[in-house]
Amino acid sequence: MTFTMFSTPWCGYCHRLKSQLDREGIEFTMVDIEAEPEHALTVEQANGGNQTVPTLLFTDGSTLTNPSVAQVKAKLAALA
């Protein structure tokens with residue numbers, strides 16, 4: 001099961017979460033909303049109009065904003 005992480009190149013929280021997920025062997029798709037601005041609307045819809053990253057979009061349509069690795073693992077377990 002995979003999810004999409006929306007991020008920006010300058011986001012420290014995004015870099016930290018990506019590193020943690022990589023260490024845990026959790027696969028995901030990364031989308032830079034500055035390089036692909038058409039995806040910024042998804043982030044805005046999940047965050048009350050704000051482009052807050054990292055925002056994760058799961059296969060069930062739910063989102064998590066700036067989650068911990070534990071929160072991501074719990075969400076993936078709930079979707080399994």
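Before I start, a word on angles: axes here are lines fitted to C-alpha atoms, and the angles between N-to-C directions run from 0 to 180 degrees. With that in mind, and remembering that what we are looking at is a predicted model, notice that helix H1 lies across strands E1, E2 and E3, and that H1 runs at about 155° to E1.

Let me turn to the sheet itself, which is open and has four strands in the order E2-E1-E3-E4, with mixed pairing. Its edge strands are E2, residues 29-32, and E4, residues 63-65, each of which pairs on one side only, and from one strand to the next the twist averages 20°. Strand E3, residues 55-57, pairs with E4 in the antiparallel sense over three bridges, and there Leu-56 stands opposite Leu-64 of E4.

Now to the helices. The axes of H1 and of helix H3, residues 69-79, come within 10 Å and cross at roughly 55°, so the two helices are oblique to each other, and H1 passes H3 in a right-handed crossing. On the H1 side the contact is made by Leu-17, Gln-20, Leu-21 and Glu-24, and on the H3 side by Val-69, Val-72 and Lys-73; these residues divide into four nonpolar, one polar and two charged.

Is Thr-8 buried or exposed? Thr-8 has a relative accessible area of 5%, and is therefore buried. Leaving aside neighbours within four places in sequence, Thr-8 is in contact with Cys-14, His-15, Asp-32, Ile-33, Glu-34 and Val-53.

Key:
Residues numbered from 1 in each chain as written. Predicted model: local features only at pLDDT ≥ 70, side-chain atom pairs only at ≥ 80, totals over all residues. Heavy atoms only, no water. Buried < 20%, exposed > 50% of the residue type's maximum accessible area, 1.4 Å probe, protein only. Contact = heavy atoms within 4.5 Å. Parallel < 35°, antiparallel > 145°, perpendicular 65-115°, else oblique. Left-handed = near helix turned anticlockwise from the far one by under 90°. Nonpolar A, V, L, I, M, F, W, Y, C, P; charged D, E, K, R; others polar. Pairing = 2+ DSSP bridges.
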